[in-house]
Amino acid sequence: MVRSRERVGVVVRRPVEGSVHVHYSQIYVESDPDGVFPDLAEALGGQRNGLCGAATPGLLWLVTGLHTGSVGFTVEVHDQAPPLDAGWEEIVEASFRPASTSTALVEWGGEDSWDLGLDEIDHRVRYCAARMDTANQQDTRFPDEPELDRYLLQFWPAPPGPDRILKQTSELAAYWHGYAQEQPPPPTPAERAETERLARLAEEEAARRQRLAYELWEWGGQLPSPALSAVGGNVRGLIRFDPALVHALDAAGPATQRQVAVLAAHRACEAAGLTALDAVAAALTDLAEGRPLPPPFDDPDRAWRVLESDPRFPDRTVTEAVPPEWPPFEPPVRDGMDAPIPQLSPVAHIVGPAALTALPNDPPPTGATFYALVATVGRPVRPPRMSQPHMAVPALFGAAESDPLRAALDSVFAAVVTYGEDHPAFLREVRAACQGHPRT
């Protein structure tokens with residue numbers, strides 16, 4: 001479909017000649033695949049003519065009479081302005097400069113394209129049309145039907161200038177010219193860049209507010225200190241039971257944290273009936289006096305083997321500890337948006353010890369929300385019972401952590417699990433131990 005011919009002193013190249021397919025009465029000339037693709041109003045904004053939208057740099061939006069089907073279409077590239085052919089019913093002109101070395105005529109949706117081989121220089125473009133009203137009235141042309149409308153698109157080197165309407169005959173062209181003249185000029189590249197910059201800043205601020213709101217939510221309404229944020233261990237589990245206590249332990253200082261860790265280990269072992277075992281009693285004594293755990297607790301695997309082989313190892317169970325209902329996460333209201341719809345509980349109902357730490361570890365993406373799924377299969381069962389000795393021994397290991405804050409958090413969490421449904425009384429004792437002990 002590429003042809004060339006010469007007139008006297010003039011070179012004409014025809015990269016497109018024949019039929020092209022249009023849809024929604026449009027076809028385009030594109031030269032900037034990474035650029036902004038405007039809507040029709042922006043493509044025609046600030047122009048007099050409404051058939052060749054050239055308001056967006058590097059793009060031409062060409063309007064046709066036919067809505068869907070094939071139209072006759074020719075593209076010519078000239079070395080200089082070609083003679084005006086008055087035989088066309090509609091003739092408009094505009095300026096165009098390719099935004100890259102690759103310029104193509106492109107069908108709607110990118111279904112097909114033809115390289116035009118234009119240099120990156122300023123061009124004048126003339127768009128001519130015939131039988132637009134007839135094609136518009138028929139709307140759709142099927143393959144076996146005769147051609148309705150046809151078009152000629154001509155390029156030649158020329159300095160930039162305003163667009164012009166050279167000839168207008170059809171009612172459809174008059175309509176589109178009137179539409180174009182009602183549209184404001186599109187933003188300049190600098191204005192568009194500033195708009196995009198402000199939009200990025202707004203998104204970054206919205207994301208920051210989202211992260212802050214989520215962090216407040218997952219930490220019970222109070223932002224954590226750097227030490228609490230980095231402590232690890234079972235802080236996520238304990239905060240589900242008593243966020244205020246977690247922050248109080250963080251603020252209490254190392255001395256109180258050690259005292260609480262020892263208290264929690266003692267209470268957990270007492271509740272589980274482990275204090276009668278010599279090894280456990282020795283471990284509690286060493287904890288209270290600030291010494292490392294004695295054998296066999298210096299090796300967790302060995303400790304479990306020794307304890308479980310002792311005939312006095314108690315066989316006690318307790319109903320699982322269930323934390324209070326955690327409020328759903330409510331994303332912050334964004335400017336210009338309605339308040340968020342109340343969400344379901346953010347965590348699915350999980351049975352067993354995993355329920356105590358079933359918090360999302362990462363904040364949701366901007367605009368995302370969590371939803372709960374509660375499923376019951378068969379007859380509901382009673383709350384599971386937990387082995388108290390197996391829940392209590394981790395309190396010993398937790399209390400021996402080198403970091404006083406983690407020692408307090410891990411041992412208190414283990415004691416909560418050990419107490420099971422009776423954990424509120426234990427937490428009241430721990431809160432009392434934290435009162436009046438500022439950080440030192």
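Tryptophan 217 is buried, as is tryptophan 326; buried denotes under 20% relative accessible area, exposed over 50% and partly exposed in between, with a 1.4 Å probe and protein chains only. The model is predicted, so local features need pLDDT of at least 70 and side-chain atom pairs count only at pLDDT 80 or more, while totals for chains, interfaces and linings use all residues. Residues are numbered from 1 along each chain as its sequence is written, and side-chain values use heavy atoms, leaving out hydrogens and water.

**Aromatic pairs**

- The whole structure contains 16 aromatic pairs, defined for rings of Phe, Tyr and Trp (its six-membered ring) with centres within 6.5 Å; planes under 30 degrees apart are stacked, over 60 edge-to-face and the rest tilted.
- Tyrosine 175 and tryptophan 176 pair edge-to-face, at 5.0 Å centre to centre and 70° between the planes.
- Tryptophan 217 and tryptophan 326 are also edge-to-face, with 6.3 Å between centres and 80° between the planes.
- Because tryptophan 217 lies in helix α4 (residues 189-218) and tryptophan 326 in the loop between β13 (317-319) and β14 (385-387), this pair ties together parts 109 residues apart in sequence; helices (H or I, at least four residues) and strands (E, at least two) are DSSP runs numbered from the N terminus.
- Ring pairs link Tyr214, Trp217, Trp326 and Phe329 into a cluster.

**Helix packing**

- Helix α8 (residues 254-272) and helix α11 (residues 388-399) pack at about 160°, with axes 8 Å apart; axes are lines fitted to C-alpha atoms over the stretch in contact, and angles run from 0 to 180 degrees between N-to-C directions.
- The two helices, α8 and α11, are therefore roughly antiparallel, the term for angles over 145 degrees.

Technical notes. Parallel < 35°, antiparallel > 145°, perpendicular 65-115°, else oblique.
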